[in-house]
Every structure is written in C-alpha cells, then in structure tokens.
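Here is a friendly note to read with the model open beside you. Take the points one at a time and find each place on screen before moving on.

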Amino acid sequence: MALPAQDERTVPAVVLRDLGQEPLERTLDTLRTLLDQHGHLIVVCSRALPEAAVRRLHTARVLLESDRIALFRPELPPLAVAVLARQLRQLASCDLGPGVLASAGRLLTHYVHCGAVLNSVTRLDRVPVGLKAHAKSWVPGSQFGVIAHPEPQLVRIGPEAALAGPDFATWLLVAKGQLQSDWITTSLAPAWQVLGLREAALPAESAAWWGTGRLVEFCGYLPDLSVLYQLVTSVRQSPCHWCGIDVIGDRCVFCSAVPPLPEEPARTAPTARTGGPRRGHAPHDPTAPHDPTAPEGPQGPYESRTSAG
C-alpha cells in the first residue's frame with residue numbers, strides 16, 4: 001500500500017499490482033522501464049505478501065540480471081511497512097546514494113512502534129500469546145492491545161490497560177478494519193503523548209498478518225524529513241567490497257555481499273612449550289605436493305585421527 005505523500009518533496013510511489021497473476025513478461029517490462037528511468041529500485045513489501053508474488057519478484061530480478069533491485073521485507077505489520085516505504089520516499093529527495101537509501105530502511109525500523117487492537121488472538125502467530133490470553137479470546141466482547149515491534153506486548157483492554165510506547169516524540173497513524181474501538185484515540189495516543197494522529201486505509205495484507213479482519217492497526221513514526229535525514233547521515237557509510245556501492249551496515253542491499261572475514265594471523269613455529277609434531281608423524285611441509293596415497297582426515301591430508309602414533 002502506498003500512503004499519501006507526507007510533503008511536497010515526497011517522491012511518488014509505483015505500486016506493483018497483481019504480481020502473482022499477471023504475465024511474467026509484463027512484470028519484466030515494468031521493472032525494466034523503471035530501471036531505465038531511475039537507475040535503481042527499492043521494492044518494499046510485507047511478509048504477508050502471497051508467496052506467488054514474492055517468487056515473481058525474485059524471478060524477475062534474476063531474469064533481468066540486475067544488481068540494481070533491492071528487496072526489502074521487514075518483519076513488521078503491513079501498516080508499518082507502508083510507513084517505512086513513505087519515509088524512504090521522503091529521503092529519496094535528498095542527496096543520498098541508492099545503497100544508503102536502501103540500507104536506511106533497516107535503520108529506520110528501530111524508530112517504529114506498531115501494533116493493533118484485536119477482537120481475538122486465537123490466530124495470532126507473529127506475537128507470543130499465552131494460554132491465558134487465548135482463553136480470554138473466547139469471552140464475548142474481549143479486545144486486546146498488541147505491540148508487534150520493537151518489543152512484543154499484549155494486554156486485554158480495560159480501565160488499567162497500557163502499552164509501553166516510544167521515549168521520543170512521534171505521530172500516530174491509525175487504520176481501521178472491521179472493529180469498532182476508540183481505545184487508540186482515547187487511551188493509547190494520550191499515554192504516548194503523540195504530536196498528532198492521522199488515519200489511513202487498512203492495508204490489504206493486514207488481516208492475514210494479524211489473523212483477523214476485526215482490528216484497528218496503528219503505527220507510531222517520525223514524520224519530519226530533517227530528523228530522518230540526520231539519523232541516516234549520522235551512521236557510518238562504507239563501500240561494498242563486491243559492487244562498490246556505498247551502504248549502511250554489514251550487508252549490501254543490492255548484491256547481498258558481506259565483508260570478507262579478516263585474515264588469520266600467521267602461526268608461529270612450534271616451541272618446547274607448545275610442543276612439536278606428534279611422534280610418528282613428519283612435520284607438514286606446505287610446499288610439498290599432495291600425496292594421494294596419504295590418509296585423509298579432519299586434520300588434513302597428512303594426518304589422520306586413526307593413525308597409530
């Protein structure tokens with residue numbers, strides 16, 4: 001789901017619809033055109049997206065033979081994923097390289113607080129739910145407040161119900177499903193001391209993610225572009241050792257390369273304290289050719305655990 005622009009600088013989103021049903025050629029033509037126009041693509045999608053659509057994205061990326069497509073699927077509810085996508089659209093108007101922009105999604109995830117009000121938790125499998133909460137789900141009229149990120153929380157809504165929120169100022173985005181509840185606006189928002197509250201349509205994947213269509217989803221987020229930009233630019237950037245693009249973090253979001261492991265320090269010669277080669281075995285000469293008749297084992301081609309010594 002593409003949220004409305006936060007300000008006049010927010011870059012428009014391209015919604016890839018019917019990925020699992022449309023012909024593969026059409027998907028390839030769409031992505032190829034976008035790559036020609038913009039150079040790089042950041043595809044943001046929910047973990048609740050149907051597997052057929054996810055396979056289509058990976059197939060298209062392989063067939064296009066392009067390392068300029070980054071797939072970002074955070075472990076967040078659909079409304080929070082839409083919020084992150086809009087934040088990346090805001091940052092796309094700044095002087096950030098494509099690798100840094102794509103990596104910023106993982107960084108900004110730490111500043112999102114998201115959850116929902118549910119009428120039942122019997123089918124909720126993405127947040128830990130105890131047996132007591134499951135039993136209360138069968139009581140008519142029960143409602144539950146759930147936090148999925150950053151730390152799982154679950155409470156049965158009542159006069160004393162409360163959910164721990166962010167320790168910094170946020171706005172709150174609310175998406176109403178088939179549940180009638182004003183607990184978010186009357187209790188949660190004042191407790192979190194939000195700067196403002198806005199409403200949005202419920203994402204199509206929300207019912208599948210939360211296990212019920214009777215819900216009200218919410219997300220606390222940072223709306224100010226200057227704050228987002230400061231957060232991203234304050235983190236060290238480094239070039240990917242494989243493709244050379246600047247990124248944040250230890251994994252390239254485009255080619256998936258990770259930094260090579262540091263080289264092990266050279267081993268010193270054996271001393272009397274450390275001991276030499278075991279009795280009955282000649283010291284290993286690294287320049288000697290490999291003897292195919294030598295016994296092989298876990299210690300290498302010149303030493304076997306089953307050898308007598």
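1. Let's begin with the largest pocket, which holds about 1,400 Å³ of space. Its lining is made of 43 residues, and A13, V14, V15, I42 and V44 are the closest to the pocket's centre. Please keep in mind throughout that this is a predicted model.

2. Which elements give two or more residues to that lining? They are α1 (24–38), β1 (41–44), α2 (51–63), α3 (78–91) and α4 (98–108). The largest share comes from α3, with seven residues. Sorted by class, the lining has 33 nonpolar, six polar and four charged residues.

3. Now step back to the whole protein. You can look for eight helices and ten strands. The protein has 309 residues, and 42% of them count as buried. Its exposed surface comes to about 17,900 Å², of which carbon and sulfur atoms supply 52%.

4. Contacts also tell you about the fold. Take the contacts in the protein with a separation of 6 or more: residues 24 or more positions apart account for 70% of them.

5. You will find I248 in strand β10 (residues 246–248). Is I248 buried or exposed? I248 counts as buried because its relative accessible area is 7%, and the cut-off for buried is under 20%. Setting aside neighbours within four places in sequence, I248 is in contact with V100, S103, R106, V232, V235, R236 and Q237.

6. Next, find strand β4 (residues 144–149). This strand is mostly covered, with six of its six residues buried. On one hand, β4 pairs with strand β3 (residues 113–118) in the antiparallel sense, over five bridges. One place to check this is C114, whose bridge partner in β4 is H149.

7. On the other hand, β4 also pairs with strand β5 (residues 153–156), again in the antiparallel sense, over four bridges. Here F144 stands opposite R156 in β5. How many residues lie between β4 and β5 in the hairpin they form? There are three residues between them.

8. The loop of that hairpin deserves a close look. P150 has its place in the loop between β4 and β5. The peptide bond leading from H149 to P150 is cis, with omega near 10 degrees.

9. Finally, two residues have a backbone angle to note. Q193 is a residue other than glycine with a positive phi, near 55 degrees. Q193 sits in the loop between α6 (183–192) and β7 (196–200). Because its relative accessibility is 64% and the cut-off for exposed is over 50%, Q193 counts as exposed.

10. The other is S256, also not a glycine, with a positive phi near 70 degrees. Look for S256 in the segment after β10. Its relative accessibility is 41%, so S256 counts as partly exposed.

Note on methods. Residues are numbered from 1 along each chain as its sequence is written. This is a predicted model: local features need pLDDT of at least 70, side-chain atom pairs count only at pLDDT 80 or more; totals for chains, interfaces and linings use all residues. Side-chain values use heavy atoms; hydrogens and water are left out. Buried means under 20% relative accessible area, exposed over 50%, partly exposed in between (1.4 Å probe, protein chains only). Contact means heavy atoms within 4.5 Å. Accessible areas come from the Shrake-Rupley method with a 1.4 Å probe; for residues, only the protein chains shown count as cover. On a 1 Å grid over the protein atoms alone, a cavity is a set of points where a 1.4 Å probe fits but cannot get out, and a pocket is an open set with protein on both sides within 12 Å along at least five of seven lines; lining residues have an atom within 4 Å of a point. Grid points are joined across faces, edges and corners, and a volume is the space filled by probe spheres set on the points. Ala, Val, Leu, Ile, Met, Phe, Trp, Tyr, Cys and Pro count as nonpolar, Asp, Glu, Lys and Arg as charged, and the others, Gly among them, as polar. Two strands pair if DSSP finds at least two bridges between them.
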